[in-house]
Amino acid sequence: MDETTIDLREVVAILKKRKWFIVRVFLAFTVAALVISFIIPPTYEAETTLRVKQSKGIGDSLLASLPSGNALQTKQLMSTYQEIIKSRTVVQEVIDTTQTDKEELPYYEDMLKRIDTQSVRDTEIMNVKVRAKSPEEAQYVANALVEVFLNRLTNL
């Protein structure tokens, strides 16, 4: 059986021999990272949390309130609400109310890319995240999105 041994002196000699190459590669990647960080504008994110509570009407039976069927109904309701938040009527109204100071309004598809909805597993909680170029704009758009969504639910 052949054993390969690595002498520490050999490793140090190789590193000394290649030190200028290692320094150049390090500096090149550092400069590239600095250039990219100055070119790409910062993005801020605002997060809003909603609790989706199911309505209990007179038509609900005792079987509907059992935990086994209720989890599936909650999951379906959360998916429905996520689609309503991202619907054209809600997002377009948010664009119209929050982007009035800009000379060119963003398109629905562009605004939709900035909005993320996610339901928290096995709960009635939904997180809504909005990305923007400033923290104030992100917060303003997130709050307006929730307000328009709640108004839309009231109308439905």
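The following questions and answers concern side-chain packing and pairing in a predicted model.

Trainee: How are the rings of Tyr 81 and Phe 149 arranged?

Mentor: Both Tyr 81 and Phe 149 are buried. Tyr 81 lies in helix 3 and Phe 149 in helix 6, so the pair ties together parts that are 68 residues apart in sequence. The ring centres are 5.6 Å apart, and planes over 60 degrees apart count as edge-to-face. The planes here stand at 75°, so the pair is edge-to-face.

Trainee: Is Arg 51, which meets Glu 124 in a salt bridge, buried or exposed?

Mentor: The side chains of Arg 51 and Glu 124 meet at 3.4 Å, N to O. Glu 124 has a relative accessible area of 23% and is partly exposed. For Arg 51 the relative accessible area is 59%, and the cut-off for exposed is over 50%, so Arg 51 is exposed.

Trainee: What is the N to O distance in the salt bridge of Arg 131 and Asp 116?

Mentor: Arg 131 is in strand 3 and Asp 116 in strand 2, 15 residues apart. Arg 131 is partly exposed, with a relative accessible area of 24%, and Asp 116 is partly exposed at 33%. Their side chains meet with an N to O distance of 2.6 Å.

Notes
Residues numbered from 1 in each chain as written. Predicted model: local features only at pLDDT ≥ 70, side-chain atom pairs only at ≥ 80, totals over all residues. Heavy atoms only, no water. Phe/Tyr/Trp six-rings, centres within 6.5 Å; stacked < 30°, edge-to-face > 60°. Helix = DSSP H or I, 4+ residues; strand = E, 2+ residues; numbered from the N terminus. Buried < 20%, exposed > 50% of the residue type's maximum accessible area, 1.4 Å probe, protein only. Salt bridge = Lys/Arg side-chain N within 4 Å of Asp/Glu carboxyl O.
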